[in-house]
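These notebook entries record what I looked up in one model.

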Amino acid sequence: MSTAESMVHHIFSLILSCMSGIFLVLAFPTYDFSWLAFVGFVPLLYAITGKRPIVAFSLSYVCGLIFFSGVFAWILSVPGYDFRHQAMIIPYLAIYFGVMGWIYSYVSGRLGIFAAFCTAPFIWVCLEFIRSNVSFLSLPWALLSHTQYRFHHLIQIASITGAYGISFFVFLINIALLSILLQVATKRRGVGVIKSQVFLGSFPLLVLSLSTALFIAGALFYGEMLLNTDPGDSTVRTSVLQGNIDREMKKNPQKYDRFIMETYTGMTREAFQDKPDLIVWPEASTPGFVLKNLSLYQKMSVLIQEGNSYFLVGSAEYAKFITPEVAEKREVGNTALFFSPAGKVLGQYLKINLVPFGEYVPLKDIVPWPSSIVPPSKKEVKEIPGREFTLFSMKDTEFGVLICWEVVFPDLFRQFVKNGANFMINISNEGWFGDTAAPHQMVAINVFRAVENRIAVARSANTGISCFFDPFGRITGRVVDENGKDTFIKGFLTQDIPLMYKRTFYTKYGDIFAYGCIVVSIMVIIITAFVRSGSVGGNC
């Protein structure tokens, strides 16, 4: 291959890498071209097939940079977060794409392309799981599976495999399409740019295609079977409120306390007309510490007694219901307060999984974080995490609540259901994100929490999206205005939440599927390391 041809080849490969990054971004909310996820990796995998591992890593890393920059562009709207922070987190996240490309090329060069094809979906799930569980860097957000949140028949298998199983299937379809593309390209063009050893032959191609078809058919059949299941007759009538309080007002709750309380009081009295069993206010909705402000507590109590409903209210509070040692420090926690119809506080849930660098400073006693990462004002943050998977009881049933981004962590959600929750509430305040894709991506994630545990979820968010999910992840209603807009509008919605008492395989056993993918990935890498390297041919 001449220098000019080599240059053209590398530019073409880079373009394919960028195409994959763009396709994958477009598959996520709010673009929602979910079908692009099934072909999104094909250009990248086509470009790195037959390449040396370092080249494959580089091309995949570029794809990762584009993907994470696009899918997390909304984070630049968060106050205090800027391009300096983005320039640190995005290159880190892109490493997972790079590692996928490196392993794919490494296995292909030593064990052959068919082995690489069979291994790739396992590797992808393994890397997604690692990204989702790396201490304070854990980020189970923007998983490949989340693109399919509206494809209800396909995603029901998550009740066994978790969301990682859907990621596996989506990646597997990419591999099957790639194998067909490479087969056609090799036959038509000869070895050329496509290396000679990628030609699979009819039998391996048939095995790969049939296996993919059987996996997808099985998932769809399982989904059809579940979607025809009656969730049961037991329900809890619930109203979710969306106050649409401006984030500047949220910064100064004492200045705007009257407006905030009048907003929620007015909606609550309207909701009383629907005779709900439970009324839910969003995260940090009260303009002050309810448990320490007698006047505010009395206002809440009087309001609650008007409607004879249970209340779940998001608030920042001193940690009243935890150890005396912590309480003495007067540290504040992100809290959900549960009130009886008589206006008495029955319980308090303290947010367990805090936002790193936002609600707490990780490793602050070990790592001297520079001011570019942790401003001096943030170093004195005193929010504390909860320790209990608190369940609230009402009318012979129990439920749990997750605050804001806690819902993105599948194992955290699962523990509440495993401990006895019959439905779940997610309260959030997404005004910090502006009118971006973040609330829509959070909705996609909520869908998977419902499906994994086959349990209904109600969501109350300050600026949107407030909605209900049935146990199969279908959105059964959302707060909208007269134009159908669901963010940055004020309103409420009342629905009957079905109660679920049976526990799914995923609820009982967790991420067994992901662990299996990790075992397979490790075994393949070990086997590959002991196999003599084959010749990849061509000039890369």
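**Entry 1: a pair within one helix**

I noted that R258 and E262 are four residues apart in helix α11, and so are separated by about one helical turn. Helices here are DSSP runs of H or I with at least four residues, strands are runs of E with at least two, and both are numbered from the N terminus. The model is a predicted one, in which local features need pLDDT of at least 70, side-chain atom pairs count only at pLDDT 80 or more, and totals for chains, interfaces and linings use all residues. Residues are numbered from 1 along each chain as its sequence is written, and side-chain values use heavy atoms, with hydrogens and water left out.

I then checked the contact itself: R258 and E262 form a salt bridge, with the closest N and O atoms 3.1 Å apart. The term requires a side-chain nitrogen of Lys or Arg within 4 Å of a carboxyl oxygen of Asp or Glu. For accessibility I used relative accessible area, with buried under 20%, exposed over 50% and partly exposed in between (1.4 Å probe, protein chains only). R258 is exposed at 64%, while E262 is partly exposed at 47%.

**Entry 2: further salt bridges**

I asked how many salt bridges the rule gives. The count comes to 12. As background, side chains of opposite charge can pair when their charged atoms come close.

I looked up R237 and D496, whose side chains meet in a salt bridge at 3.1 Å, N to O. R237 lies in strand β1 (residues 235-242) and D496 in strand β12 (residues 491-498), so this pair ties together parts that are 259 residues apart in sequence. R237 is partly exposed, with a relative accessible area of 28%, and D496 is also partly exposed, at 41%.

I next examined D277 and K395, whose closest N and O atoms are 2.7 Å apart in a salt bridge. D277 sits in the loop between α11 and β2 (278-280) and K395 in the loop between β6 (392-394) and β7 (397-403), 118 residues apart. D277 counts as buried at 17% relative accessibility, whereas K395 is exposed at 55%.

**Entry 3: helix α11 against helix α12**

I returned to α11 (residues 257-272) and found that it packs with α12 (residues 294-307) at an angle of about 15°, the axes being 9 Å apart. Axes are lines fitted to C-alpha atoms, for helices over the stretch in contact, and angles run from 0 to 180 degrees between N-to-C directions. The two helices are therefore roughly parallel, a term for angles under 35 degrees.

Which residues of α11 meet α12? M261, T265, T268, R269 and F272 in α11 meet L296, M300, L303, I304, E306 and G307 in α12, contact meaning heavy atoms within 4.5 Å.

**Entry 4: helix α1 against helix α3**

I compared the axes of α1 (residues 3-26) and α3 (residues 53-71), which come within 8 Å and cross at roughly 30°. α1 and α3 are therefore roughly parallel to each other.

The residues in this contact include S13, L14 and S17 in α1, and L59, V62 and C63 in α3.

**Entry 5: a loop residue**

S34 counts as buried at 19% relative accessibility. Leaving aside neighbours within four places in sequence, S34 is in contact with A27, T147, Q148 and R150.

Note on methods. Angles under 35 degrees count as roughly parallel, over 145 as roughly antiparallel, 65 to 115 as roughly perpendicular and the rest as oblique.
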